[in-house]
Amino acid sequence: MNTDVLIVGAGPTGLALGIDLARRGVDALVLERAGTLFPGSRGKGLQPRTMEVFDDLGVLDAIHAAGGGYPVGMIWRDGERLGEHSLFDPAEPSEGAPYDEPWMVPQWRTQEILLARLQELGGTVAFGREVVGLTQDADGVTARLAAGEPVRARYLVAADGGRSAVRRALGIGMTGETVDPGPTLVADVRISGLDRDNWHIFPPRGDVDLLTLCPLAGTEDFQVVARFPEGTDVDLTADGVRKVVADRTHLAPEDVTEVRWASDFRPRAALADRFRAGRVLLAGDAAHVHSPAGGQGLNTSVQDAYNLGWKLGAVLTGGAPDGLLDSYEEERRPVAAEVLGLSTGVHRGEVRRGDATRQLGIGYRESSLTAETRTVPDGALRAGDRAPDGTVDGVRLFDAFRGPHWTLLALGTAAPPVPESVPVVRGPGHGAYGTGLFLVRPDGYVGWAGDDATGLGGYLARFGPA
């Protein structure tokens, strides 16, 4: 079997990449070792930047319909409500950033939505297909499977999680630290006798550690999160989960009417030493592992896919040089490193969930793909920054950006000739952009900016013929 891109892993990273490649006409196959999609709620928080990505990928309406906003925290002690606790610094939507707060969707539901979109675009996931080894040469990669014929691809993307078999086969190390030596239980349960208006927090007391019960938007479930001392052997059975809830709350074991999924983990932060080895690229948890605090892991992973998708498309169908793929590691590894520090800080109570965790400030000003030809004051929008939303001469910018193409904004400046594949939005100076020419990348970042068209043609030529 042959394909252009083989994606190993059908989590949010692999599915988002599959969608991006499918809409570009790239032949891709997603392999998933398990027989079904991941069944748990684990990565339940979608940050505003990821909501923008999902807008572009065509799943935002379904994501909105499937979830809801985060409830206010409620602190309990001995069966009594002590008061509310704000889990996030407040934010207000603006024209440039219309999605202001995290949106809660259980991970299993997010994956169902992404899979449906992938299939709508003609993409395929092959379940029960485990990659156990690979070889690569100058022309491609051959993946060996536990059962069945090998698969040959021009490129392979490892999106197979923190214990990535592909990363290990390549011999790529991960450098990191233990964030918390104690294990954490996470489970999806049905509960009677507890309202769904709050995220219920039961603080540590004595030798009993923290437990929280979060109503999962769009479902009848609650997510249980419980911390344990180092060395604890966490009981993942239904009775074990019921006992933990009863021991740490005012609820009785029988109030936990159903345990739908349970797992445990030890929070750690680790970063792969490389994100590329020849024709193999690492994305998502295969490249970086986070504490779940602050809701950064899934979001950073989806944005890996979003960064990589257009570059693979440009190389495979647009005539761009293979070297363009080197910019994936150049741009995403520093972001992952920064987010790892942020997640660890949130986990340890050193950082609030605020502007940084919303991920709208992530950018690529130092990237080799960024060309800023103007002299602009500090604080102004620059090439490498996220391209804000807005309405220019009746056109919503996110609507103009949506799709697998570059977009040129000509604001208060005459638009030069550009390839037909590059839509042009013309209008007066606007908002954060001011005036000038702004070439917006397919992933929604300003790649090139200038007061006039000098150098624009040469910049576009770097990404293949028109």
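## A salt bridge in the first helix

Arg-23 and Asp-20 pair up through their side chains in a salt bridge, with N and O 2.8 Å apart. The term here means a side-chain nitrogen of Lys or Arg within 4 Å of a carboxyl oxygen of Asp or Glu. Asp-20 is buried at 0% relative accessibility, and Arg-23 also counts as buried, at 16%. For these labels, buried is under 20% relative accessible area, exposed is over 50%, and partly exposed is in between (1.4 Å probe, protein chains only). The areas themselves come from the Shrake-Rupley method with a 1.4 Å probe, and for residues only the protein chains shown count as cover.

Bear in mind that this is a predicted model, in which local features need pLDDT of at least 70 and side-chain atom pairs count only at pLDDT 80 or more, while totals for chains, interfaces and linings use all residues. Residues are numbered from 1 along each chain as its sequence is written, and side-chain values use heavy atoms, with hydrogens and water left out.

## Helices and their cover

Helices (H or I, at least four residues) and strands (E, at least two) are DSSP runs, numbered from the N terminus. Helix H1 (residues 12-22) is mostly covered, with eleven of its eleven residues buried.

Helix H7 (residues 297-317) is largely enclosed by the rest of the structure, since 20 of its 21 residues are buried. Its end C-alpha atoms lie 30 Å apart, which agrees with the 30 Å that its 21 residues should span at 1.5 Å a residue. That expected span is 1.5 Å times one less than the number of residues. After H7 comes Gly-319, with a positive phi near 80°.

Helix H4 (residues 107-120) has 14 residues and reaches 20 Å from its first C-alpha to its last, close to the 20 Å expected at 1.5 Å a residue. Its buried residues include Gln-107, Ile-113, Leu-114, Arg-117 and Leu-118. H4 is followed by Gly-122, and phi is positive there too, near 95°.

Side chains of opposite charge can pair when their charged atoms come close. By the salt-bridge rule, the count comes to 30. One of them joins Asp-247 to Lys-243, the closest N and O atoms being 2.7 Å apart. Both residues sit in helix H6 (residues 238-248), four residues apart, or about one turn of the helix. An α-helix has 3.6 residues a turn, so residues three or four places apart point the same way. Asp-247 is partly exposed, at 43% relative accessible area.

Another salt bridge links Asp-385 with Arg-365, and here the closest N and O atoms are 2.7 Å apart. Asp-385 is in the loop between strand S22 (371-372) and S23, and Arg-365 is in the loop between helix H9 (355-358) and S22, so the pair ties together parts that are 20 residues apart in sequence. Asp-385 is buried at 14%, whereas Arg-365 is partly exposed at 40%. Elsewhere, salt bridges that share partners join Arg-190, Glu-220, Asp-221, Glu-258 and Arg-260 into one network.

## Loops with a positive phi

Gln-359 has a positive phi, near 70°, though the residue is not a glycine. Gln-359 is in the loop between H9 and S22 and is buried, at 1% relative accessibility.

Asp-393 is not a glycine either, yet has a positive phi of about 50°. This residue is in the loop between strand S23 (391-392) and strand S24 (395-396) and counts as exposed, at 64%. Asp-393 is 34 residues from Gly-427 in sequence, but their C-alpha atoms are 5.5 Å apart in space.

## A positive patch

On the surface, Arg-42, Arg-163, Arg-168 and Arg-268 gather in a patch of positive charge. Patches are built from residues with over 30% relative accessible area and no salt bridge, with like charges joined within 9 Å (for nonpolar side chains, namely Val, Leu, Ile, Met, Phe, Trp and Tyr, the limit is 5 Å). Lys and Arg count as positive and Asp and Glu as negative, while His and the chain ends are not counted. The charge is placed at NZ of Lys, CZ of Arg, CG of Asp or CD of Glu.

Arg-163 sits in the loop between strand S11 (151-158) and helix H5 (165-170). Arg-163 is exposed, at 71% relative accessible area.
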